[in-house]
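Here is a short report on one protein model. It covers a strand, a helix and a loop.

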Amino acid sequence: SRPITRATAERLLAAVIQRAEEYNADPSHLFEITELVVFGSYLDPEVTSLGDLDIGATVRPRPQFNPSTEQFSEMQLNYADASGRRFTAFIDRLCWASREPYVFMRNRSTAIKITKEDVRKLTDRWEVVYTNH
């Protein structure tokens with residue numbers, strides 16, 4: 001994707017945080033977004049043109065669900081079926097509930113890159129921008 005301005009990155013970050021709050025406010029989702037961490041060139045205030053907005057996200061099953069039970073797998077499959085999406089592979093259907101928060105936050109933007117990795121292990125330059133504990 002094309003480079004983005006700092007102002008655009010700030011607007012995109014605010015929108016991602018807003019979508020995370022919106023996602024978490026809906027109790028019908030099986031998973032919740034617990035933390036967003038920004039890293040990369042966004043953290044350097046001298047950089048005015050960024051390649052993208054780099055975000056690390058932590059997602060977990062909502063506390064009321066026990067992911068180690070067979071019922072949770074069944075819930076995930078039912079959740080995927082209820083989404084109205086089409087899945088070409090069983091694993092995509094099974095994993096949809098845990099993948100959905102990332103898709104929702106990104107909102108089809110090519111300028112937003114969200115990783116599931118713990119960015120604290122990848123870099124010493126990061127900043128927590130959202131928590132939901």
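## A strand, a helix and a loop

In this predicted model, Val38 stands opposite Glu127 in strand β6. The pairing behind that contact is antiparallel: β2 and β6 (residues 126–131) are joined over five bridges. β2 also pairs with β4 (residues 53–61), again antiparallel, through eight bridges. There, Glu32 has Arg60 of β4 as its bridge partner. Nine of the nine residues of β2 (residues 31–39) are buried, so the strand is largely enclosed by the rest of the structure.

Next, the helix. α1 covers residues 6–25, 20 residues in total. From first C-alpha to last it reaches 29 Å, close to the 28 Å expected at 1.5 Å a residue. Its buried residues include Leu12, Leu13, Val16, Ile17 and Tyr23. Seen down the axis of α1, the buried residues fall within an arc of 160°, so they line one face of the helix. Ala7, Arg11, Gln18 and Ala25 are exposed on the other side of α1.

Finally, the loop between α3 (90–106) and β5 (112–115), where Asn107 lies. Arg108 is found in the loop between α3 and β5 as well. Most residues other than glycine have a negative phi. Asn107 has a positive phi, and Arg108 has a positive phi too. The values are set out below.

| Residue | Phi | Relative accessible area |
|---|---|---|
| Asn107 | near 55° | 48%, partly exposed |
| Arg108 | near 65° | 80%, exposed |

How values were computed: Residues are numbered from 1 along each chain as its sequence is written. This is a predicted model: local features need pLDDT of at least 70, side-chain atom pairs count only at pLDDT 80 or more; totals for chains, interfaces and linings use all residues. Side-chain values use heavy atoms; hydrogens and water are left out. Buried means under 20% relative accessible area, exposed over 50%, partly exposed in between (1.4 Å probe, protein chains only). Helices (H or I, at least four residues) and strands (E, at least two) are DSSP runs, numbered from the N terminus. Two strands pair if DSSP finds at least two bridges between them. The expected span of a helix is 1.5 Å times one less than its number of residues. The arc is that of the directions from the helix axis to the C-beta atoms.
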